[in-house]
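This briefing walks through the main features of one chain, grouped by topic. Please keep the sequence and the structure at hand while reading.

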Amino acid sequence: MPTAKAWTSAVESMQPAASALRLTVEQASQQIMPRWIEIAKVADCPPGTALESVADDRIVALFNVGGEFFALDGICPHQGGPLGQGELSGCILTCPWHGWQFDVRSGQHQLNARYFQPRFPVRVEGGAVLVDLEQTNSP
Ligand code: FES
């Protein structure tokens, strides 16, 4: 049976490892936790419109489909066109450069089932539209 002194010594020797582990858990939770960033005011993107926004060094395309907001990665996978400057018809976005079309609700390309534009979770809070750039929704 260990003595009290040996037990104390053993516990003290584990403290640096426990501190390092706690730091790792905190870092991991920051990676997993949503990080909501405001990209626009609700009034900036009326129903039936799109806009382009830059948040955290990323270009985000925001769409308002009948009062519901959707956000996609704003760079077209074809040749980098600005999806947030495209034309929205219902839930279908047309890229302004060469006409690739995407369903903004799912990111699904309209002609090629292999292409999905990354989507971001969206929420509205206090008149602002926020996205979580840490969580890309892909099919
Ligand atoms: S860059 Fe979007 S269709 Fe070509």
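Predicted model: local features only at pLDDT ≥ 70, side-chain atom pairs only at ≥ 80, totals over all residues.

Strand 3 and strand 4 are paired in the antiparallel sense, with six bridges between them. The chain as a whole contains one helix and 10 strands, and in sequence order it reads α-β-β-β-β-β-β-β-β-β-β.

**The chain as a whole**

- Of the 139 residues in the chain, 24% are buried.

- Four strands make up an open sheet in the order 2-3-4-8, and the pairing is antiparallel. The edges are taken by strand 2 (50-55) and strand 8 (119-120), each of which has a single partner strand, so one side of each has no neighbour in the sheet.
- Strand 2 and strand 3 (residues 58-65) run antiparallel and are joined by six bridges, and within this pairing Ala 55 has Arg 58 of strand 3 as its bridge partner.
- In general, strands of a sheet pair through backbone hydrogen bonds, in either a parallel or an antiparallel arrangement.

**The two hairpins of this sheet**

- The hairpin of strand 2 and strand 3 has two residues between the strands, and in it Asp 56 adopts a positive phi near 55°. Asp 56 has this positive phi although it is not a glycine, and Asp 57, which lies in the loop between strand 2 and strand 3, likewise has a positive phi, of about 65°, without being a glycine.
- Why does Asp 56 count as exposed? Asp 56 has 11 other C-beta atoms within 10 Å, and a residue is classed as exposed if that number is 12 or fewer.
- Asp 57 has 6 C-beta neighbours inside 10 Å and therefore also counts as exposed.
- The hairpin of strand 3 and strand 4 also has two residues between the strands, and here Gly 66 takes a positive phi near 60°.

**The largest nonpolar core**

- The largest nonpolar core holds 25 residues, of which Ala 61, Leu 62, Phe 63 and Ala 71 touch the most other members. Strand 1, strand 3, strand 4 (68-73) and strand 10 each contribute at least two residues to this core.
- Which residues does Leu 62 touch, not counting those up to four places away in sequence? The partners of Leu 62 are Ile 39, Ala 40, Cys 45, Ala 50, Leu 51, Ser 53, Phe 69, Ala 71, Gly 84 and Val 129.

**Two residues compared by their surroundings**

- Phe 70 is found in strand 4, and because it has 23 C-beta neighbours inside 10 Å, Phe 70 counts as buried. Residues up to four places away in sequence aside, Phe 70 touches Phe 63, Val 65, Val 104, Arg 105, Arg 119 and Val 122.
- The C-alpha atoms of Phe 70 and Val 129 are separated by 9.8 Å, although these residues are 59 residues apart along the chain.
- Gln 101 belongs to strand 7 (residues 101-103), and with 15 other C-beta atoms within 10 Å Gln 101 is partly exposed. Leaving aside neighbours within four places in sequence, Gln 101 is in contact with Ile 92, Leu 93, Thr 94 and Gln 110.
- Between Gln 101 and Cys 76, which are 25 residues apart along the chain, the C-alpha separation is 9.8 Å.

Definitions and conventions:
Residues numbered from 1 in each chain as written. Pairing = 2+ DSSP bridges. Core = buried A, V, L, I, M, F, W, Y, C linked by C-beta atoms within 7 Å. Buried ≥ 20, exposed ≤ 12 C-beta atoms within 10 Å, placed from the backbone. Contact = placed C-beta atoms within 7 Å.
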